[in-house]
Amino acid sequence: MKLLIDNFDGLGPRDYTAFVDSGKNPSLLRKLNGPAELKFGLASGEGNLVAPVIGARIALTRSNGNDLFTGYVVHSPTYQYLGWADRGSVYRYEIVALSDVMLMDQKAPPPHPPFVDRNAGDAFRQLTAEALPGWFDVSGVQAGDPIPYYSVNPAKKWTASAAEIALAARCFYRDDNGKLFFAPLAANIYALAENTGTFSPADLQLQSVNRLVNDLTILGQLEPSAHVKDYFVGDGVDDQVFSVAEAIHTQ
């Protein structure tokens, strides 16, 4: 891992790898249709550590040169006193950075007519061009499904509008070192064939994952023909509740 930080002080990117707190690895959080977030700690000690400033450019790469994260520091680093060393006081700095798309949140989108019957990728590409013309490489933006109508709200940030366009067409976007990607969401399908020789029902284990999902549908041989919503009324004391809706009809 290699960490480069440019404080835009005229000295260019400097190598901060030696200052990364070895007691807590950097945390990289990638969100669906949102900027990636990098959190890491820097510990002063050996060498002359210059604390990163707001807006400093961050580049985190693997040892083989592949990019893991590029972005900018969004908050003034918080620090904690760790003690005294041979060269003086030792501090630990907490750094939070967001990926490159946060730059497009710095100004409101200009007013323009709504997108009507446009491919989601075209709307996403135009939204990006109006925010920062020529700044990002959009060659990785796919067309996606058409969206009937979308009006950009100037009160919303670029990231919020981009997420709404992507979700309207069941797509996702992400950025990687100045390049934007926009593509349909992949569907995960897991097929079980009971007639295969290697299938063992006794070894089949299902584990619940503690996370939120948009939709999860499990269908067997008996499929519902109509989905209805149930409402139940109770007084909070008695065990008896009253259903005011029908159950799911099956065929």
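1. Strand β12 (residues 171-176) pairs with strand β13 (residues 179-184) through six bridges, and the two run antiparallel. Helices (H or I, at least four residues) and strands (E, at least two) are DSSP runs numbered from the N terminus, and two strands count as paired if DSSP finds at least two bridges between them. Cys171 has Pro184 of β13 as its bridge partner. Two residues stand between the strands of this hairpin, in which Asn177 adopts a positive phi near 55 degrees.

2. The model is predicted: local features require pLDDT of at least 70, side-chain atom pairs are counted only at pLDDT 80 or more, and totals for chains, interfaces and linings use all residues. Residues are numbered from 1 along each chain as its sequence is written, and side-chain values rest on heavy atoms, with hydrogens and water left out.

3. Buried denotes under 20% relative accessible area, exposed over 50%, and partly exposed the range in between (1.4 Å probe, protein chains only).

4. The structure contains seven salt bridges, each defined as a side-chain nitrogen of Lys or Arg within 4 Å of a carboxyl oxygen of Asp or Glu. One of them joins Asp9 and Arg14, with an N to O distance of 2.7 Å. Asp9 is partly exposed at a relative accessible area of 39%, and Arg14 is partly exposed at 22%.

5. A further salt bridge pairs Arg92 with Asp21, their closest N and O atoms lying 2.4 Å apart. Arg92 belongs to strand β8 (residues 88-99) and Asp21 to the loop between β2 (14-15) and β3 (27-29), so this pair ties together parts 71 residues apart in sequence. Both Arg92 and Asp21 are buried.

6. Asp100 and Arg57 also form a salt bridge, with 2.4 Å between the closest N and O atoms. This pair links distant parts of the chain, 43 residues apart: Asp100 is in the loop between β8 and β9 (115-119), and Arg57 is in strand β5 (residues 57-61). Asp100 is buried, its relative accessible area being 2%.

7. On confidence, the protein chain averages a pLDDT (the predictor's confidence in each residue, from 0 to 100) of 80, and 78% of the residues score at least 70. Over residues 241-251 pLDDT stays under 50, and the model has 29 contacts beyond four places in sequence for this stretch, a contact being heavy atoms within 4.5 Å.
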